[in-house]
Amino acid sequence: MPKGSIEFEQVEPTHPDAVALARAATEEGERVYADLGLGPAPSLAELVDARGRILLARLGGRPIGCGALRTLGPRTAEIKRMFVVADLRGRGIGRELLVALEGAARELDYERVRLDTGSRQQAAIGLYRSSGYQEIRDYNAKPGADLWFEKRL
């Protein structure tokens with residue numbers, strides 16, 4: 001874990017740091033899945049509704065990660081755009097971010113969270129499985145995704 005504590009801040013979809021981190025997440029996805037030609041990803045503003053949230057992770061004031069919650073149904077949220085900067089990966093920040101997003105989902109009275117990922121993202125898959133997420137059937141037909149997970153809160 002890096003020195004100092006991670007601070008999480010709820011921000012608007014247009015917050016410059018959140019937009020920059022979401023863009024970095026999209027660019028990384030485009031590199032990892034370049035052969036699939038996925039096309040443009042929705043902006044944070046397009047993802048998050050009134051019952052959604054965007055969390056920004058900071059370390060010593062530096063924006064180091066982000067994640068979003070969006071509504072899938074009255075009791076179900078989806079985790080989107082979870083991302084940690086490359087130079088700080090492998091230090092537990094992603095796990096802290098995931099826990100913070102789950103906490104936000106509980107505060108919003110969701111009973112479960114879902115997410116999708118691709119089999120090329122082994123670190124993310126390991127994080128989700130070790131955090132109690134169970135594989136489920138495809139719920140969103142998202143291009144590039146081939147694994148779908150759910151966790152009851």
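**View 1. The exposed face of helix α4 and its buried side.** The face of α4 that points away from the buried side of this helix carries Q122 and A123, both exposed, where exposed means over 50% relative accessible area, buried under 20% and partly exposed in between, with a 1.4 Å probe and protein chains only. Helix α4 spans residues 122-130, and among its residues A124, I125, L127 and Y128 are buried. These four cover an arc of only 160 degrees around the axis, which puts them on the same side of α4; the arc is that of the directions from the helix axis to the C-beta atoms. Helices (H or I, at least four residues) and strands (E, at least two) are DSSP runs, numbered from the N terminus. The model is predicted, so that local features need pLDDT of at least 70 and side-chain atom pairs count only at pLDDT 80 or more, while totals for chains, interfaces and linings use all residues. Residues are numbered from 1 along each chain as its sequence is written, and side-chain values use heavy atoms, with hydrogens and water left out.

**View 2. The cover over α4 and the residue after the helix.** The buried residues of α4 are covered by elements including β4 (76-84), α3 (93-107), β5 (112-117) and β7 (147-152). After α4 comes G132, with a positive phi near 95 degrees.

**View 3. The crossing of α3 and α4.** The axes of these two helices come within 11 Å and cross at roughly 50 degrees, the axes being lines fitted to C-alpha atoms, for helices over the stretch in contact, with angles that run from 0 to 180 degrees between N-to-C directions. The contact is made by G94, R95 and L98 of α3 together with L127, Y128 and S130 of α4, contact meaning heavy atoms within 4.5 Å.

View 4. E102 lies in helix α3 and, at 4% relative accessibility, counts as buried. Its side chain is joined to that of Y133 by a polar contact of 2.7 Å, a term for a pair of N or O atoms within 3.5 Å of which, within protein, one must be able to donate a hydrogen and the other to accept it, residues adjacent in sequence counting only if both atoms are side-chain atoms. With neighbours within four places in sequence left aside, E102 is in contact with Y133, K151 and L153.

View 5. Most residues other than glycine have a negative phi. R81, in strand β4, has a positive phi near 50 degrees and counts as buried at 17% relative accessibility. A141, in the loop between β6 (134-136) and β7, has a positive phi of about 50 degrees and is exposed, with a relative accessible area of 58%.
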